[in-house]
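This report describes a protein chain at the level of the whole fold and then at one position. The sequence and structure come first.

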Amino acid sequence: MSTLELDGSATRGGSDQLRPRGRGKEAARTAGRLLPLTPAIALMGVFLAGPIGYALYGSLTNATLSGYRAVNPDFVGIDNYTRLLSSGAFWQSALLTLVFVLTSAVIGQNALGMFLAVLIEKAPKPVSGVVGALVVGAWVMPEIVAAFALYAFFSTNGTLNAVLQFFGASSVTWLISFPLLSVILANIWRGTAFSMMVYGAALAEVPPEVDEAAQIDGATPLQRFFRITLPMVRRAIATNMMLVTLQTLGVFTLIWVMTAGGPGTRSTTLPLLAFQEAFKLSQVGYGTAIATVTLMVGAIFAVVYVKILKPEVD
């Protein structure tokens with residue numbers, strides 16, 4: 001056997017011996033990175049995955065709020081889901097939920113939040129300070145307090161009608177004639193501050209020299225905003241849209257205090273429908289199925305936004 005063959009076999013043997021050691025070091029390094037996350041993973045399993053799994057099981061039963069089925073519910077499979085998919089009330093609530101989320105969160109809070117963020121960045125400090133304080137004050141207010149304040153604002157004898165009468169206009173029964181519009185405007189007022197703060201932080205990270213260079217090249221303010229600023233804060237926009245969408249999808253207190261889902265079912269979104277079926281009509285299993293579908297809708301929105309947030313690979 002030649003010296004070269006001996007050297008080659010020795011090299012292969014050495015690499016074979018080193019490979020397990022390298023894999024062991026990599027496994028130890030990975031375990032070291034995951035170890036600090038163990039408490040968070042455990043808490044998520046207990047307080048997130050656990051309730052979701054229990055709710056999914058509950059949606060497959062005929063559990064009730066009281067009576068024999070409250071203690072000994074039967075497993076009914078997907079009967080609750082087939083029932084709700086054939087229910088006109090469910091599809092009406094799903095449509096109202098979609099309209100409520102798209103108009104008050106995806107469009108309203110995002111657009112107004114971006115406008116206020118730009119205004120605060122460009123306006124003099126006294127103006128930006130007053131605007132920021134007023135907007136953030138609505139957001140930090142407890143939800144139940146904000147809901148009663150908005151009910152007083154939109155009620156027949158409330159602030160909005162008082163302002164309309166001052167300018168000579170007639171009063172409007174907002175919560176009866178326009179219940180969905182009222183809760184949409186209320187949710188925009190309530191949640192815009194979050195979008196404003198997110199976009200304010202994102203705009204502060206945009207290098208000013210980029211905008212100055214575009215200005216020297218003759219770009220108008222609108223061209224600089226849409227062609228330079230917005231693309232540079234794209235990830236912040238997607239992140240904010242995901243957060244406000246999921247928050248708005250679960251809004252309950254605001255709508256319940258203002259309209260209780262009425263008049264009739266004209267402002268009954270999916271969270272309110274699930275509450276009414278489970279706790280007013282005592283159909284806990286059916287109400288849980290509606291809540292589970294709402295959770296799935298939120299998961300779909302989250303997946304779409306995660307796809308948008310995924311970095312592009314050249």
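What share of the contacts in the protein chain with a separation of 6 or more is accounted for by residues 24 or more positions apart? In this predicted model, such residues account for 70% of those contacts.

The secondary structure of the protein chain consists of 16 helices and zero strands. With a radius of gyration of 28 Å, well over the 20 Å that the globule rule gives for 314 residues, the chain is more spread out than a compact globule. The C-alpha trace spans about 105 × 75 × 30 Å along its principal axes.

| Property of the protein chain | Value |
|---|---|
| Buried share of the 314 residues | 35% |
| Positive side chains | 20 side chains |
| Negative side chains | 16 side chains |
| Distance between the centres of the two charge sets | 5 Å |

One position can be described in more detail. Asn187 lies in helix 10, which covers residues 179-204. Is Asn187 buried or exposed? Its relative accessible area is 5%, and the cut-off for buried is under 20%, so Asn187 counts as buried. When neighbours within four places in sequence are left aside, Asn187 is in contact with Phe100, Ser104 and Gln109, and also with Thr248, Val251 and Leu254.

Note on methods:
Residues numbered from 1 in each chain as written. Predicted model: local features only at pLDDT ≥ 70, side-chain atom pairs only at ≥ 80, totals over all residues. Heavy atoms only, no water. Helix = DSSP H or I, 4+ residues; strand = E, 2+ residues; numbered from the N terminus. Buried < 20%, exposed > 50% of the residue type's maximum accessible area, 1.4 Å probe, protein only. Contact = heavy atoms within 4.5 Å. Rg over C-alpha atoms; globule rule 2.2 N^0.38 Å. Lys, Arg positive; Asp, Glu negative; His and termini not counted. Charge placed at Lys NZ, Arg CZ, Asp CG, Glu CD.
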